[in-house]
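Take a look at the model below.

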Amino acid sequence: WISIPGTCVDYPVLQSSADDPEYYLRRTYKGEWRTAGSIFFQWDCSAESQNTVVYGHNMNDGTMFAVLQKMTDEAFRNEHSKILLQTSNGLREYQIAAVLKTDITKFRFNRTEFADHADFLSFQKELFAQSLYESQTIHGEDCRLLTLVTCSYEWENARTVVIAAEVSENQSMEPKAIILICLCAVILGGLVFLHIRNRRKK
């Protein structure tokens, strides 16, 4: 299940097979025909992939992945920079790191397999270099990317591609929460120290 808090993106994510990779392009989760189709994983990836690629239509009524077009606006992007992906292994949080206007002939943004760490880092470097805004590339070889793709209409086969990087547990914590935890740790450490010192005096 994928959601972008504060937007209409709140949908199940499906996945078809290599034999029919676009099965859900115009089908619901029940397999019934629908113009809007469904949100779906690229057939050769999963939530465990280094680059998880997810597709959705750019609908005129603003549903599905139409909101990705708004991510080119800095104010909107900053207000809706968090993406949540619920998997069988738990909830994963991602932070938007880049927005591209491209197509598959210009850049293979949908790669899911990499020869080694160097290959993945080279992919990241090229990806962030094409971002419409300067990205703080704090990501590395252990980073998981979430790539959201929808149609765009600047030229034939153009795509709006939003890249998000997985946030670690420490990164996802609010600053106030981190300060509170640190403060509690200091207090607890102090109490333990006093307890040990008092026992030694006895």
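This is a predicted model: local features need pLDDT of at least 70, side-chain atom pairs count only at pLDDT 80 or more; totals for chains, interfaces and linings use all residues.

Residues are numbered from 1 along each chain as its sequence is written, and side-chain values use heavy atoms, with hydrogens and water left out.

Start with the charges. The structure holds six salt bridges. The term means a side-chain nitrogen of Lys or Arg within 4 Å of a carboxyl oxygen of Asp or Glu. One of them pairs Arg144 with Glu48. Their closest N and O atoms are 3.4 Å apart. This pair links distant parts of the chain, 96 residues apart. Arg144 sits in the loop between α2 (117–129) and β8 (145–151). Glu48 sits in the loop between β4 (39–41) and β5 (51–55). Helices (H or I, at least four residues) and strands (E, at least two) are DSSP runs, numbered from the N terminus.

Arg144 also forms a salt bridge with Glu166, again with closest N and O atoms 3.4 Å apart. Glu166 lies in strand β9 (residues 159–166) and Arg144 in the loop between α2 and β8, so the pair ties together parts 22 residues apart in sequence. Shared partners join Glu48, Arg92, Arg144 and Glu166 into one network.

How accessible are these residues? Buried means under 20% relative accessible area, exposed over 50%, and partly exposed in between (1.4 Å probe, protein chains only). Arg144 is partly exposed at 25%. Glu48 is partly exposed at 38%, and Glu166 is partly exposed at 23%.

Now take another pair. Arg111 bridges to Asp119, with closest N and O atoms 2.6 Å apart. Arg111 counts as buried, because its relative accessibility is 17%.

Turn to the pocket. On a 1 Å grid over the protein atoms alone, a pocket is an open set of points with protein on both sides within 12 Å along at least five of seven lines; lining residues have an atom within 4 Å of a point. The second largest pocket has a volume of about 440 Å³. That volume is the space filled by probe spheres set on the grid points, which are joined across faces, edges and corners. The lining has 17 residues. Glu22, Phe40, Tyr55, Val149 and Arg159 lie nearest the centre. Strand β8 gives the largest share of the lining, three residues.

Conventions
On a 1 Å grid over the protein atoms alone, a cavity is a set of points where a 1.4 Å probe fits but cannot get out, and a pocket is an open set with protein on both sides within 12 Å along at least five of seven lines; lining residues have an atom within 4 Å of a point.
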